[in-house]
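I opened my notebook for a friendly look through one more model.

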Amino acid sequence: MLGFYVMQFVPIVLLEAFILWRLKWGKLWLCALDALMMNFASFMGLLLGLGPYITSSGVWGLSLFSFYCVMVEGTVLTLLERHNARKTWLTALTANGCSLIMLAI
């Protein structure tokens with residue numbers, strides 16, 4: 001199970017860093033750092049107990065996973081205080097939407 005999460009972690013961080021950069025979040029290295037921090041927070045929550053339920057529930061699990069990730073990663077980006085709330089939550093929603101499309105494929 002842990003290998004499953006790790007193999008998905010790196011491509012998701014790279015994709016979300018690219019999306020943050022394209023949404024004018026900041027410089028590429030700053031976007032990569034922010035993407036790493038927000039995905040690490042989501043990853044820790046999955047390891048602490050939410051992961052087995054999400055991966056075994058099909059479409060319901062993917063919906064729960066998307067809601068969980070948007071909430072956690074949006075909160076992390078909000079705590080960084082780099083942009084206003086509207087841009088922060090729109091960025092979190094867009095980045096996670098693209099990541100979930102990648103995971104669904």
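My entries below go from aromatic rings to a helix face and then to one aspartate.

**Entry 1: aromatic rings**

I began by noting that this is a predicted model. How many aromatic pairs does the structure hold? I found two.

I looked up phenylalanine 9 and phenylalanine 43 to start with. Their rings are 5.2 Å apart centre to centre, with 50° between the planes, and the pair is tilted. An angle under 30 degrees would have counted as stacked and one over 60 as edge-to-face, so 50° falls into the tilted class.

Then I checked where the two partners come from. Phenylalanine 9 belongs to helix α1 (residues 2-22) and phenylalanine 43 to helix α2 (residues 28-55).

Because they are three residues apart in helix α1, about one helical turn separates phenylalanine 18 and tryptophan 21.

I found one more neighbour here. Arginine 22 lies over the face of tryptophan 21, 5.6 Å from the ring centre.

**Entry 2: helix α4**

I moved on to helix α4, which spans residues 85-104 and has 20 residues. From its first C-alpha to its last I get 28 Å, close to the 28 Å expected at 1.5 Å a residue.

Which residues of α4 are buried? My list reads Thr88, Thr91, Ala92, Ala95, Asn96, Ser99 and Leu100. They cover an arc of only 155° around the axis, so they lie on the same side of α4. On the face turned away from that buried side I noted the exposed residues Arg86, Leu90, Ile101 and Ala104.

**Entry 3: aspartate 34**

What does the side chain of aspartate 34 meet through a polar contact? I found the side chain of tryptophan 25, at 2.6 Å. Leaving out residues up to four places away in sequence, aspartate 34 touches Leu20, Trp25, Leu77, Leu80 and Arg82.

Conventions
Residues numbered from 1 in each chain as written. Predicted model: local features only at pLDDT ≥ 70, side-chain atom pairs only at ≥ 80, totals over all residues. Heavy atoms only, no water. Phe/Tyr/Trp six-rings, centres within 6.5 Å; stacked < 30°, edge-to-face > 60°. Helix = DSSP H or I, 4+ residues; strand = E, 2+ residues; numbered from the N terminus. Lys NZ or Arg CZ within 6 Å of the ring centre and 35° of its normal. Expected span 1.5 Å × (residues − 1). Buried < 20%, exposed > 50% of the residue type's maximum accessible area, 1.4 Å probe, protein only. Arc of directions from axis to C-beta. Polar contact = N/O pair within 3.5 Å; in protein donor to acceptor, adjacent residues only side chain to side chain. Contact = heavy atoms within 4.5 Å.
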